[in-house]
Amino acid sequence: MKSNERDFPLDIEISFKKLFDAYRERLEDAHPLVRERAEKVIAIADEYPVLSEGLAMGETAKYQEQIDSITQDLFPEVLQSNEIKIATSPFQEDIFRSTARYQKIIKEAGAEYQLELSNFNDDQYYLMGCSIILQNYYGKHFDFRRPFYYQIPDHSGIMRFYKVLYNADFVTIEKKKGTKDISEEDLQSLMDNFDNVKLWKKIFPPNSWKFSGFVIANMFDATADVSLSDFKSNLIQKDTKEATFAPEFRRIMRSLFGDNELDVGFTLYNKEDDEFLPTNLQTKSYILEGKDEASCQEALCDKSYYTLFKKKAFYCISDVPKFAKEYPDNVLYAKLLRQNVKSAIITPVGSDDEIYGMLEIVSPKARALNSINANKLHDIMPFLIDSVKRSKETVENEIELLIQEECTSIHPSVHWKFRREAHRVLKAQNSGFNAYFREIVFEGVYPLYGQIDIKESSNIRNQATIKDLMLQLEYIQKVIDSVHKIEALPIYEQMRFRIEQYLENLNEELQVNSEKQVQQFIRKEIVPLFNHLRKKNENLKALIQDYYEMIDMTSGLVYKHRKDYDESVMQVNKKLAAILDRNQMEAQQMYPHYYERFKTDGVEHNMYIGESITRHNTFHKIYLYNLRLWQLQVMCEMENQFYRLKEELPIPMDVASMILSFNSPLALRFRMDEKRFDVDGTYNARYEVVKKRVDKANIKGTDERITQAGKITIVYSQQEDEKEYMKYVAFLQKNKRLNKDVEILELEDLQGVTGLKAIRVGVIYSKQKDNEKKYYTYEDLIEEINTQQPTE
């Protein structure tokens, strides 16, 4: 809509009265040239009084010669090709004087272009008219102005932005007849209701005021500033993954560099593999040239790699055809030339020594991009880096969330493969395809298994349960005896008889349903009785209250000895797991491998080592042998730490250690349905069978368990494993970690597994005594512990 077709509080007429007044003041000027110029202008004013009285919109063309003459000083000839200036009415397109440069800009924009302020709607147009009245007539400064811009396309179609500054020195504002003055109450109401255009129109009705004069509008090319502002706004308002982000970013870069054929690419950097990856944006990667991934050093030339990754600076190629001809073996130049790129700027996007990716700005014109205009990127890079960093963090969170949903917790050594799979799934989903997590498999890895198990843990817990049940029944019996003395009913004798039966049965053995029977007896008979009795007799009330204080209110049972057992197991597990985890951190530094640890009645762990876990072509069996020796050493340390802890445990207990050696590599598969790793294949499943059953196996032809307290048992099936482990045993014997009592034993056949053997060797325990380190066998240690026990 044209300006003169919109509502406006001012009735506009073009008048040069204030300009003539300014020249009249110069008629007495001491300088003759100034007086001569003033006389010439006043002569036009006298000859054409309509120029002072006012012209309607569109009538200026009749007096163009006179207007050009009187405004000559405002548009000096020497600045015609430099300044962008127009004379017009406020916020209107009725331009009656302009500079040559402005005319050239409008001509290049094309005949169909119509000048109009950017982002300036009808309501804003009306409010700005009101602001002119408030400021020029009432002297009230309502500062709601914002920068005015004209968007004008240049000869190549690139949209240029011109900032407009208005000079209102030659403006007069008057009230029309019948227009009311505004009150302080009106001003306050306007201040509190800026968005209420109806209120503004009520106080300042359309065409109720008169504008007489003209404004000078000076324009400046602010394309770079607006592009930067748009760029920042675009980053704030849009996610970099949005489909509209890339086209908008491309438009801004074209405007900034003044090249309508310019294109923008982006390539992600994967630090873990030192490789380039495509983005999920609607943006191609000129570095990858359609590939799904590429090694950074293979994708770049030596100079560009050094500039981007070491110096972290722009890499500019101003004339790709020229340099490609001079350096025919340069992979980057050849790659860009194949994609019709004639000039390019590649810059790393990153912060704090971390690179997220590469921004690629390319043009099909040689020398369009160069090391000089590359400096324009300095202003936008901080904002781009922040945005890419936020986007990267969002993607990282999405990847981790997907891994958590699909796979729960994953060990760092194999995390890279789950990240790669999650990245593939998200990339496909963002492209509109259905994608699901595939099973993760690591081929050709060597397993290591170890456990340090609490001996006879089931029996110890059963004994604790029996003691708790007997303690509770004995106290109930005490209460029943007291009740019988007060009230000699036969039913109390019958209850006492049943309690004695329960106690007698518990003394013999804890049956499967013993605990349940006692629980039911207490819940159904004793609890209701005790609730009745403590209301009946004060002495019984105190006795029964003591009973309730000794039981666990949640279960209704005494939990003293079982609590001691649980506390002992917790202390053992916590101590041993901490040792294992701490040492594992050092082991990972030696060579990365998969590790998982479980707490049961003791601590067990799995480790897998091999090429497919580390990704890099660095694996050698020496790392397997090193990890086996490390495992044996750590088991010795865990044994020592346990026997230092043993004296402090609420319940005495022993542990037995075992290592399982498996000579052949196997495949490790992550079961998506069970969210855990498992060995893959029928033959490899034999390894899992042995793991689950071997610690309960006996020595062949005997009833003796293969694992014993104070000893480490190494189970194997191949002769070469025996030779290997005997070297480690000898080494640890020399270092006073293992005893000389080495046994080579055969194991009884397990279901589906035969031919297993074991090395069993005693652990040497060390203690600091009298500022000197003492070494003990298991028997010595137990004897010393026993001698320190207080006699009853």
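Me: At what angle do helix H17 and helix H18 pack?

Reply: Keep in mind that this is a predicted model. H17 covers residues 457-486 and H18 covers residues 490-508. Their axes lie 10 Å apart, and the packing angle is about 160 degrees.

Me: Is H17 roughly parallel or roughly antiparallel to H18?

Reply: The helices pack at about 160 degrees. Angles over 145 degrees count as roughly antiparallel, so H17 and H18 are roughly antiparallel.

Me: How do the residues of the contact of H17 with H18 divide into nonpolar, polar and charged?

Reply: On the H17 side you'll find Ile466, Leu469 and Glu474, among others, and they meet a set in H18 including Tyr492, Arg496 and Leu503. Sorted by kind, the contact has 13 nonpolar, 3 polar and 5 charged residues.

Me: Which strands stand at the edges of the open sheet of 5 strands?

Reply: The order in this sheet is E3-E2-E8-E5-E4, with antiparallel pairing. Inside that order, E2 and E8 are joined by 5 bridges. An edge strand has a single partner, so one side of it is left without a neighbour in the sheet, and that goes for E3 and E4.

Me: Which residue in E8 stands opposite Ala87?

Reply: Strand E2 takes in residues 84-88 and runs antiparallel to E8, residues 215-221. Opposite Ala87 you'll find Ile216.

Me: Is Asp721 buried or exposed?

Reply: Asp721 is found in helix H25. Leaving aside neighbours within four places in sequence, Asp721 is in contact with Arg628, Ser661, Asn663 and Tyr716. Its relative accessible area is 0%, and anything under 20% counts as buried, so Asp721 is buried.

How values were computed:
Residues are numbered from 1 along each chain as its sequence is written. This is a predicted model: local features need pLDDT of at least 70, side-chain atom pairs count only at pLDDT 80 or more; totals for chains, interfaces and linings use all residues. Side-chain values use heavy atoms; hydrogens and water are left out. Helices (H or I, at least four residues) and strands (E, at least two) are DSSP runs, numbered from the N terminus. Buried means under 20% relative accessible area, exposed over 50%, partly exposed in between (1.4 Å probe, protein chains only). Contact means heavy atoms within 4.5 Å. Two strands pair if DSSP finds at least two bridges between them. Axes are lines fitted to C-alpha atoms, for helices over the stretch in contact, and angles run from 0 to 180 degrees between N-to-C directions. Angles under 35 degrees count as roughly parallel, over 145 as roughly antiparallel, 65 to 115 as roughly perpendicular and the rest as oblique. Ala, Val, Leu, Ile, Met, Phe, Trp, Tyr, Cys and Pro count as nonpolar, Asp, Glu, Lys and Arg as charged, and the others, Gly among them, as polar.
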